[in-house]
Amino acid sequence: VRYFALIPAAGVGARMEAGSPKQYLPIAGKPMLRHALDAFLASPLIAHTYVVVSADDGVIDTVVPEQGVTVLRCGGATRMESILNGLHAMHGSIAAHDQVLVHDAARPGLTPALIEKLITEVGEHAAGGLLALPVVDTVKRAGQGALSAQTVPRDGLWLAQTPQMFSYGLLHKALSEAPDPQAITDDASAVEALGLAPRLVEGHPRNLKVTLPRDIHTAELYLAHP
Ligand code: CTP
Ligand code: MG
């Protein structure tokens with residue numbers, strides 16, 4: 001079995017309000033996407049890395065290294081569509097039982113050690129698995145407006161990260177058959193909809209998703225301390 005990385009990088013970064021796609025914003029000295037690419041390139045476990053960008057992307061060629069990465073210009077309207085288009089483009093280069101690690105371009109704190117931990121701990125689990133963090137805060141559910149109506153027991157609650165790893169065959173089936181594509185915000189949820197339970201592997205806070213302007217600073221603090 002081989003392990004492939006697939007990085008969706010076709011978003012517009014609306015919540016970042018930077019006026020340009022966030023995956024190319026400079027962060028700790030290089031474009032955000034390059035951090036994730038470098039983590040996969042540095043991992044001896046990864047056979048090849050694919051990145052999905054939009055068809056009119058004019059920046060990607062200045063960001064990918066000369067070797068080891070294939071650019072797929074087939075981004076879709078949603079993250080799920082971008083990944084599904086990427087999987088179709090990989091067809092022919094990958095077998096159904098090969099494993100795909102899907103990772104957000106917007107998570108620059110990934111390390112080869114986290115990649116290895118995910119692959120090792122998911123092992124042969126047929127439903128695949130994902131990095132995630134156990135919830136440590138007290139969780140509130142709001143009723144009307146911002147009024148705390150209820151405290152949700154945090155026991156058993158996790159925050160999903162990426163990479164999320166599944167066999168090519170399973171991931172393709174899960175995303176193609178997703179009952180409610182609007183509700184799919186990660187790959188594991190599509191696999192869960194098939195009645196399968198992906199393994200949760202404890203990730204690290206440094207692997208945060210850069211979503212809002214304030215996240216850039218936090219990510220840079222982690223990147224300064226490998
Ligand atoms: N993504 C993608 N194709 C889309 C939408 C998102 O490949 N149509 C990618 C993003 O580039 C990002 C990852 O999916 O690497 C996670 O999505 P998110 O953090 O939501 O990024 P954006 O969609 O770009 O940001 P926003 O939702 O704020 O617009
Ligand atoms: Mg988005």
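**Figure 1. Lys173 sits in helix α4 of this predicted model.** Lys173 has 16 C-beta neighbours inside 10 Å, so this lysine counts as partly exposed. Along the chain, Lys173 and Ala190 are 17 residues apart. Their C-alpha atoms are separated by 9.0 Å. Helix α4 itself spans residues 168-176 and lies across β6 and β10. The helix runs at about 120 degrees to β10.

**Figure 2. Strand β10 holds Pro163.** The peptide bond from Thr162 to Pro163 is cis. Its omega is near 5 degrees. Strand β10 covers residues 158-167. In the open sheet, β10 stands between β6 and β7.

**Figure 3. Seven strands form an open sheet with mixed pairing.** The strand order is β5-β4-β1-β6-β10-β7-β11. The edges are β5 (69-72) and β11 (199-202), each of which pairs on one side only. On average, neighbouring strands are turned by 30 degrees against each other, direction ignored. Strand β7 (residues 129-134) pairs with β11 in the parallel sense, over four bridges. Leu130 has Leu200, in β11, as its bridge partner.

**Figure 4. Helix α3 lies across β1, β4, β6, β7, β10 and β11.** The helix is made of residues 112-122. Strand β1 covers 3-8, β4 covers 46-52 and β6 covers 99-102. Relative to β11, helix α3 runs at about 145 degrees.

**Figure 5. The largest nonpolar core contains 56 residues.** Leu6, Val52, Val100 and Ile115 touch the most other members. Helix α1 (residues 32-42) gives the largest share of the core, six residues. In soluble globular proteins, nonpolar side chains tend to be buried together. For Val52, contacts up to four places away in sequence are not counted here.

**Figure 6. Helix α1 is largely enclosed by the rest of the structure, because eight of its 11 residues are buried.** The buried residues include Met32, Leu33, Arg34 and His35. Ala36, Leu37, Ala39 and Phe40 are buried as well.

**Figure 7. The shell around ligand 1 has 22 residues.** Pro8, Gly11, Ala14, Arg15 and Ala105 come nearest to the ligand. The shell divides into nine nonpolar, eight polar and five charged residues.

**Figure 8. Glu17 and Ala28 have positive phi angles although neither is a glycine.** For Glu17, phi is about 50 degrees. Glu17 is found in the loop between β1 and β2 (26-27). This glutamate is exposed, with 9 other C-beta atoms within 10 Å. For Ala28, phi is also about 50 degrees. Ala28 is placed in the loop between β2 and β3 (30-31). With 16 C-beta neighbours inside 10 Å, Ala28 counts as partly exposed.

Note on methods
Residues are numbered from 1 along each chain as its sequence is written. Chains are lettered from A and ligands numbered from 1 in the order in which they are written. This is a predicted model: local features need pLDDT of at least 70, side-chain atom pairs count only at pLDDT 80 or more; totals for chains, interfaces and linings use all residues. A residue is near a molecule or strand if its C-beta atom, placed from the backbone, lies within 6 Å of it. Ala, Val, Leu, Ile, Met, Phe, Trp, Tyr, Cys and Pro count as nonpolar, Asp, Glu, Lys and Arg as charged, and the others, Gly among them, as polar. A nonpolar core is a set of buried Ala, Val, Leu, Ile, Met, Phe, Trp, Tyr and Cys residues joined through C-beta atoms within 7 Å. A residue is buried if 20 or more other C-beta atoms lie within 10 Å of its own, exposed if 12 or fewer, and partly exposed in between; C-beta atoms are placed from the backbone. Helices (H or I, at least four residues) and strands (E, at least two) are DSSP runs, numbered from the N terminus. Two residues are in contact if their C-beta atoms, placed from the backbone, lie within 7 Å. Two strands pair if DSSP finds at least two bridges between them. Axes are lines fitted to C-alpha atoms, for helices over the stretch in contact, and angles run from 0 to 180 degrees between N-to-C directions.
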